[in-house]
Amino acid sequence: MAINFSALNTAYNYYLTSYAPKTSTSFDTHKPSELRRVYNSIVKLDKESPLYLLNEKTDYKSFAIGLKENARCFRNTIASLGGLNENELLNKKAAYSSNESLVTAEYIGDASSVDENSTLEIQVRSLAAPQVNMGSFLPSNESVALAAKTYSFDLNINDLNYEFQFAVTESDTNKDIQERLSRLINNAEIGVSAEVLEDEAGNSSLKLSSNQAGLPENKEFLFHISEEHTSMASGAVEYLGIGEVTRNASNAEFTINGIAHTTYSNHFTIEKMYEISLIGLSESKDNVAVIGIKNDIESLKENIHTLIGSYNQFLKAASEYIESQPGSNRLVNEMSHIALVHSDGFDHLGVRISETGALELDEKQLSQAALSEDTNEAFHSIKDFTHSVLKKTSFISLNPMEYADKKIVAYKNPGKNYANPYMTSSYSGMLFNGYC
């Protein structure tokens with residue numbers, strides 16, 4: 001029987017976007033040798049996995065996909081703090097901005113290409129802005145002055161046309177229609193956001209904004225609304241006042257070391273070294289932000305902050321399933337045990353383990369440890385802890401079903417077992433089962 005891959009992709013994306021963070025980094029790309037190692041690890045796990053039945057009464061699908069994706073994000077965070085090599089953990093350089101109300105920066109380059117004496121001076125002249133279509137303010141609680149029909153209009157964005165249809169009844173108020181269209185446009189996820197605004201006089205308006213900022217040279221607008229070729233009744237666009245552009249999209253303008261630049265976005269990279277975010281405007285020529293590299297001690301402190309924050313976030317995400325998935329509680333206990341094993345060296349750094357298993361940080365004590373004569377020895381325990389949780393997240397990414405609520409049916413015959421290709425990938429196999 002043919003497989004409906006389109007429906008399968010829709011189902012997976014539903015669980016992925018609803019229950020797990022959907023992010024992609026450079027650490028999600030792999031060499032063939034790395035993929036072979038992952039494959040061999042899966043085969044080894046498959047040979048040793050017992051046969052089991054999942055508890056159909058629990059939401060194990062969202063749990064498995066959410067757990068896998070959260071583990072992947074945590075692993076990527078650790079990898080971004082210097083790399084996956086044990087000797088490089090927590091050695092990532094950190095960037096600083098002398099004026100974070102103007103510009104923020106993150107260092108994304110290689111450790112080998114660091115020049116701590118090199119700085120950039122950025123002056124922000126204008127920020128990139130999205131297109132806005134502000135509708136007319138209409139009396140919120142008055143009946144809509146449109147005939148009871150089904151209306152439609154076309155929204156053109158990125159050279160694609162989308163038709164929106166909605167019904168108007170005699171009992172609808174202006175705000176009812178505005179909120180209905182707001183939900184309709186937001187749920188479509190086509191790159192335009194909608195919201196209903198109210199003023200002090202009891203009037204409301206439908207505001208449409210492009211998710212994208214900046215305007216390419218060959219375009220007059222980012223999105224356009226019309227009723228010229230609508231398939232249903234027309235007149236709603238004019239009545240709501242959403243067809244006219246209130247504010248055109250604009251590009252960011254700034255200077256780097258005195259040289260003028262423009263971009264479509266307020267977030268961009270410079271020479272594969274910095275990720276820059278423009279936050280505010282320079283009030284004068286002297287109002288600039290100096291971007292540079294923090295010293296080793298400050299970089300190490302920032303890496304520890306990031307590590308602890310990501311660890312606590314992963315622990316919180318796993319704890320949300322404790323009531324529906326008993327295995328989630330086991331995972332939280334295992335993560336807490338890893339922290340406990342390395343806790344002897346934590347005290348010197350000002351790191352404490354709370355009653356919930358989360359890590360707490362004493363900033364003052366961390367700074368004192370960073371300034372001690374033997375900095376490497378002082379941070380040895382936190383690096384060992386990082387290496388241990390890295391191994392744990394790799395295992396969870398390979399086999400999230402280890403923690404799903406299930407019943408063991410049979411153990412394999414030692415020495416005569418074989419690899420079952422779907423045992424450690426049940427979260428994907430379950431979706432296939434629905435379409436095969």
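## Aromatic pairs

Two rings of Phe, Tyr or Trp count as an aromatic pair if their centres lie within 6.5 Å, and the pair is called stacked when the planes are under 30 degrees apart. By this definition, the structure, which is a predicted model, holds ten aromatic pairs.

In one of these, the ring centres of Phe-153 and Phe-164 are 5.7 Å apart and the planes meet at 25 degrees, so the pair is stacked. The two residues are eleven apart and link distant parts of the chain: Phe-153 belongs to strand E7 (residues 150-157) and Phe-164 to strand E8 (residues 160-167). Phe-153 is buried, at 1% relative accessible area, and Phe-164 is buried as well, at 6%.

Phe-254 and Phe-268 also form a stacked pair, with 4.8 Å from centre to centre and 15 degrees between the planes. Here strand E12 (residues 252-256) supplies Phe-254 and strand E14 (residues 267-270) supplies Phe-268, 14 residues apart. Phe-254 is buried, with a relative accessible area of 2%. Phe-268, at 11%, counts as buried too, because the limit is under 20%.

## An aromatic cluster

Phe-74, Tyr-311, Phe-314, Phe-346 and Phe-385 form one aromatic cluster.

## Helix H7

Helix H7 comprises 16 residues (326-341). At 1.5 Å a residue, the helix should span 22 Å; the C-alpha atoms at its ends are 23 Å apart, which agrees.

Among the residues of H7, Gly-327, Ser-328, Leu-331, Val-332, Met-335, Ser-336, Ile-338 and Ala-339 are buried. The elements that cover the buried residues of H7 include helices H3 (60-80), H6 (296-319), H8 (346-349) and H11 (380-398), together with strands E17 (351-353) and E18 (359-361).

Notes
Residues numbered from 1 in each chain as written. Predicted model: local features only at pLDDT ≥ 70, side-chain atom pairs only at ≥ 80, totals over all residues. Heavy atoms only, no water. Helix = DSSP H or I, 4+ residues; strand = E, 2+ residues; numbered from the N terminus. Expected span 1.5 Å × (residues − 1). Buried < 20%, exposed > 50% of the residue type's maximum accessible area, 1.4 Å probe, protein only. Contact = heavy atoms within 4.5 Å. Phe/Tyr/Trp six-rings, centres within 6.5 Å; stacked < 30°, edge-to-face > 60°.
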